[in-house]
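Colleague: Could you take a close look at the aromatic pairs in this structure for me? I would like to see them in the setting of the fold around them.

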Amino acid sequence: MIGQDVSDTVLAVSLLLAAPCAGSFAALLADRFEDDDTDLWGRSRCDHCRNALLARDIVPIISHIALRGRARCCGKKMRPALLFAELAALAATLWAATITSGLVLGLSALLAWVLLGLSLIDLRTFRLPDPGTLGLVLVGLLLSVAGITGSTLDHAAGATLGYIAFAGIGWVWYRWRGIEALGLGDAKLLAAAGAWVGAAALPSVLLIGCGTGLLFAISTGLSQRKLTGQLAIPFGPALALGFWITWLHGPIFF
C-alpha cells in the first residue's frame, strides 16, 4: 500500500511538471497549424522579429515570468496565449490529480492535453484536425476493449451515435439554411467523447458543451455588438470541456 502511494505521488508530480510543456506544445501546434507549417520540431521563433529563441527563453511559465512578458531578442510584448496554454494544461492536470490516481490520472492528463491542443487549433482556424479527433476515438475504443472503461459495445455505440448525431444535424442545417453550422470535426470530437465515456453519458457531454457554447456565443456577440444568427464561433472548445468534465466526474445526471 505504501509503495502504491509513493508511485501515485511520483506519477502525479511527474505529470504536473510535464503539464506546462504539454501546454506549450499545444500552443505551438495551434500556431503552426494556422500557418500550415508542417515542421513541428523546428526552432521556436519570436512572433515579432522571427529570431530563433534560446532554450532559456522557452522554459514554460518560468521564462514568461523572468522576462516579464517581453521577448529578450526585441523587447516586444509576448502573446499571452502561450502562457495561457501552459497554465491551462497545469490547471487541468492538477484538477485531475485531486480526484484520480494511477492509470486513470495518466489517461486524464493525456486527454486534457490533447483536448487543449484541439481547442486552441479550433479557436485559431475553425478546424479540428483528424489526427487528434480520430486518434481519441481509437484510444477510447481500445480502452474499452482492454476493460478499463466499460463495455466495448456501449463505447462503440457512443462513438457511432456521437458522429451520426452531429453529422446529421450539420447536414440538415446546411440543406435548410445553406450554412455549415456544425463541421465534421465537431462530429468526430463527439464520437471521441462517446468512445471514452459511453453512449449513456453523451447527453451530459452535450448539455455541458451546448451550455458553454451558448454562453461563449452570447458574450462574443455582445462584445462585438453583432449578436446575430450569422455569428460564427468555434464549438470545439465547448464540446471539449463537456467531454473532459464528463470523463472526470461522470455524467451529471447521476
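Modeller: Happy to. The protein chain has 9 helices and 0 strands, so the pattern along the sequence is simply α-α-α-α-α-α-α-α-α. Please keep in mind that this is a predicted model. Of the 254 residues in the protein chain, 42% are buried.

Now to the rings. A search of the whole structure turns up 4 aromatic pairs. In general, a pair of aromatic rings is described by the distance of the centres and the angle of the planes. Let me start with W95 and W244: their ring centres are 5.8 Å apart and their planes stand at 80 degrees, so this pair is edge-to-face, the cut-off for that class being over 60 degrees. W95 belongs to helix α3 (residues 80-99) and W244 to helix α9 (residues 236-249), so the pair ties together parts of the chain that are 149 residues apart in sequence. W95 is partly exposed, with a relative accessible area of 33%, whereas W244 is buried, with a relative accessible area of 5%.

Next come F166 and F235. Here the ring centres are 5.9 Å apart and the planes are at 45 degrees, so the pair counts as tilted. This pair, too, links distant parts of the chain: F166 sits in helix α6 (residues 152-177), while F235 is in the loop between α8 (202-224) and α9, and 69 residues separate them. Both F166 and F235 are buried.

There is also an aromatic cluster, made up of W196, F243 and W247. W196 leads us to a helix contact, since W196 is one of the α7 residues that meet α5. Helix α5 (residues 130-145) and helix α7 (residues 184-197) pack at an angle of about 20 degrees, with their axes 7 Å apart. That angle makes α5 roughly parallel to α7, because angles under 35 degrees fall in that class. The crossing of α5 past α7 is left-handed. On the α5 side, the residues in contact are D130, T133, L134, L136, V137, V139, G140, L141 and L143. On the α7 side, they are G185, K188, L189, A191, A192, A195 and W196.

Finally, two loop residues deserve a look if you are checking backbone angles. Phi of I61 is near 65 degrees, a positive value in a residue other than glycine. I61 lies in the loop between α1 (2-34) and α2 (62-66), and at 16% relative accessibility it counts as buried. F126 likewise has a positive phi, near 60 degrees, and is a residue other than glycine. F126 is found in the loop between α4 (102-125) and α5. At 48% relative accessibility, F126 counts as partly exposed.

Methods: Residues numbered from 1 in each chain as written. Predicted model: local features only at pLDDT ≥ 70, side-chain atom pairs only at ≥ 80, totals over all residues. Heavy atoms only, no water. Axes fitted to C-alpha atoms, helices over the stretch in contact; angles between N-to-C directions. Helix = DSSP H or I, 4+ residues; strand = E, 2+ residues; numbered from the N terminus. Parallel < 35°, antiparallel > 145°, perpendicular 65-115°, else oblique. Left-handed = near helix turned anticlockwise from the far one by under 90°. Contact = heavy atoms within 4.5 Å. Phe/Tyr/Trp six-rings, centres within 6.5 Å; stacked < 30°, edge-to-face > 60°. Buried < 20%, exposed > 50% of the residue type's maximum accessible area, 1.4 Å probe, protein only.
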